Amino acid sequence: LHLFFTFWGFDMITKSRMHDLKFSPVGNTAMHMPVGDVRVPQWAAPLPGMQPMATKMMKGQIADLGVPEVPEFLDQIVASGGHLWACRMSADMNNTDNIHLSLDDCAPNKVEVLPPDINQSGYRFEPLNNSQILYGLGAIKGSGLAAIELILAAREQDGPFKNLFDFCSRLDLRKVNRRVIESLIRVGAFDKLEPNRAALLAGVGMAVAAAEQNNSHAGQDSLFGGVAETKHALPNVPAWSPEQALIEEKAALGFYLSGHPFLNAKEDISQFVRGTLADLAPQEQPKLIAGIVMGVRIRMTQRGKMAIVTIDDAVSRVDVVVGSELLNQYAHLIKEDALLVIEGRVSHDEFSGGNRVSARKLYDLAAARSAHASMLKISCNGQSDAAKLSTILGPYRKKSTESDKKLFSLNSSFLVLT
């Protein structure tokens with residue numbers, strides 16, 4: 001069974017519908033092992049009752065599965081935790097969107113996905129236990145089966161890699177090319193050898209050149225009869241900021257793995273954006289939402305260009321339609337990995353069945369603060385003159401009537417202007 005049809009369409013099929021389903025095998029033998037005359041996932045073979053249950057399903061005898069058997073069987077599947085999710089994601093190795101959806105499902109199911117490790121990861125996702133999964137090297141963009149198999153073979157033959165230079169010297173760089181090496185660095189596969197990903201990326205050219213030089217001198221002894229050995233050092237460059245590290249991860253995986261840039265601004269955003277994208281519901285009144293731009297699709301219409309902007313707030317995603325006039329005015333704000341605050345109308349999308357947001361106004365964080373903040377709190381050192389500070393800031397306040405102007409001198413440590 002092809003991972004039991006990725007667990008019977010895991011997100012859509014409930015226990016009560018099991019009786020209506022029939023299954024057929026798919027020949028992905030790399031993920032399965034034979035049990036009797038059927039094939040089941042390798043992780044599932046030891047589970048009690050797996051073989052007779054799989055045999056019945058293979059023969060289409062769903063009606064023969066007693067009502068008590070089905071829930072018990074499903075409970076065994078779910079209890080396998082990390083094993084189940086590792087198999088599910090390994091079935092979608094070439095589908096970035098499906099892997100991302102599975103990763104989002106792991107946390108609520110108490111399963112932790114560990115970043116790839118050049119000395120531990122295999123080609124596919126591998127369960128370490130029922131609550132941890134090791135990211136598969138084959139799910140990294142541009143890696144390819146041939147390159148990963150070569151890496152695994154070198155590791156099996158001569159042991160763990162010691163550093164980037166050792167890694168390059170032991171591989172055929174025609175198959176494990178520079179692009180593959182850079183992708184492995186971006187996702188953190190070398191972090192346990194060298195945590196500074198920026199230095200590793202800057203040193204790829206040096207490591208490749210050193211490996212090529214060593215290969216050209218292979219078998220040649222030094223003047224004194226020994227084998228010449230050169231010590232190499234990575235360039236001395238500053239480490240990436242957490243935000244840059246996430247952007248680099250997304251370039252190699254298609255999504256953020258170790259964190260989410262929206263979380264860095266979540267506290268500020270929560271002052272004027274209520275709820276998350278998952279809470280959106282159709283309404284007539286304009287709604288203020290925010291998220292990181294994950295992708296932009298440009299469409300040509302009779303009224304000119306329009307954009308469909310996908311934003312993500314680390315909880316959910318939504319597509320936002322930006323009209324031609326708004327797009328021309330705020331094109332500089334609509335960039336991948338940028339934080340975007342949107343005021344728009346939420347409606348039901350009959351095509352997708354979800355929500356659709358039509359943008360009316362766009363802001364970056366600074367502009368959103370200026371437009372929607374209700375007060376300014378200034379911390380003082382205890383010796384400041386609140387009245388004098390109010391006079392200095394006065395020219396920068398929005399125009400308002402005298403009755404609207406308020407100055408609250410709460411104590412000697414801070415004051416609030418509204």
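Let me begin with a term: a residue is called buried when its relative accessible area is under 20%, exposed when that area is over 50%, and partly exposed in between, as computed with a 1.4 Å probe on protein chains only. The structure above is a predicted model, in which local features need pLDDT of at least 70 and side-chain atom pairs count only at pLDDT 80 or more, while totals for chains, interfaces and linings use all residues. Residues are numbered from 1 along each chain as its sequence is written, and side-chain values use heavy atoms, with hydrogens and water left out.

I shall start with helix α11. Helices (H or I, at least four residues) and strands (E, at least two) are DSSP runs numbered from the N terminus. Helix α11 covers residues 242-253. Its expected span is 1.5 Å times one less than its number of residues. For the 12 residues of α11 this gives 16 Å, and the end C-alpha atoms are 16 Å apart, so the two values agree.

Which residues of α11 are buried? They are Ala-245, Leu-246, Glu-248, Glu-249, Lys-250, Ala-252 and Leu-253. These buried residues pack against α5 (96-106), α8, α9 and β6 (287-301), where contact means heavy atoms within 4.5 Å.

Two of the charged residues in that list lead to the next topic, salt bridges. A salt bridge here is a side-chain nitrogen of Lys or Arg within 4 Å of a carboxyl oxygen of Asp or Glu. By this rule the model has 14 salt bridges.

Consider Glu-248. Its side chain meets that of Arg-186 in a salt bridge, with 2.6 Å from N to O. Arg-186 belongs to helix α8 and Glu-248 to helix α11, so that distant parts of the chain, 62 residues apart, are linked. Glu-248 counts as buried because its relative accessibility is 12%. The pair is also part of a network of salt bridges that links Arg-178, Glu-182, Arg-186 and Glu-248.

Next is Lys-250, whose side chain forms a salt bridge with that of Glu-336 at 2.7 Å, N to O. Because Glu-336 is in the loop between α13 (324-330) and β9 (339-348) while Lys-250 is in helix α11, the pair ties together parts that are 86 residues apart in sequence. Are these two residues buried or exposed? Lys-250 is buried, with a relative accessible area of 9%, whereas Glu-336 is partly exposed, at 45%.

A further salt bridge joins the side chains of Lys-192 and Asp-117, at 3.3 Å from N to O. Lys-192 is in the loop between α8 (178-186) and α9 (197-202), and Asp-117 is in the loop between β3 (112-114) and β4 (126-129), 75 residues apart. Lys-192 is exposed, with a relative accessible area of 66%, but Asp-117 is buried, at 6%.

I now turn to the strands. Two strands are said to pair if DSSP finds at least two bridges between them. Strand β6, already mentioned as a packing partner of α11, pairs with β9 in the antiparallel sense over 6 bridges. In this pairing Ile-292 stands opposite Leu-339 of β9. Strand β6 also runs antiparallel to β7 (residues 304-312), to which 9 bridges join it. Here Met-300 has Lys-305 of β7 as its bridge partner, and the two strands form a hairpin with 2 residues between them.

Strand β9 also contains Ser-347, which counts as buried at 16% relative accessibility. Apart from neighbours within four places in sequence, Ser-347 is in contact with Pro-282, Gly-354, Asn-355 and Arg-356.

Elsewhere, 3 strands form an open sheet of mixed pairing, in the order β3-β5-β4. Its edge strands are β3 and β4, each of which pairs on one side only. Strands β3 and β5 pair in the parallel sense over 3 bridges, and Leu-114 stands opposite Leu-134 in β5.

At 10% relative accessibility, Ala-139 counts as buried. What does Ala-139 touch, not counting residues up to four places away in sequence? Its contacts are Met-93, Ile-99, Tyr-123, Phe-125 and Leu-253. Leu-253 is itself among the buried residues of α11, which returns us to the helix with which I began.
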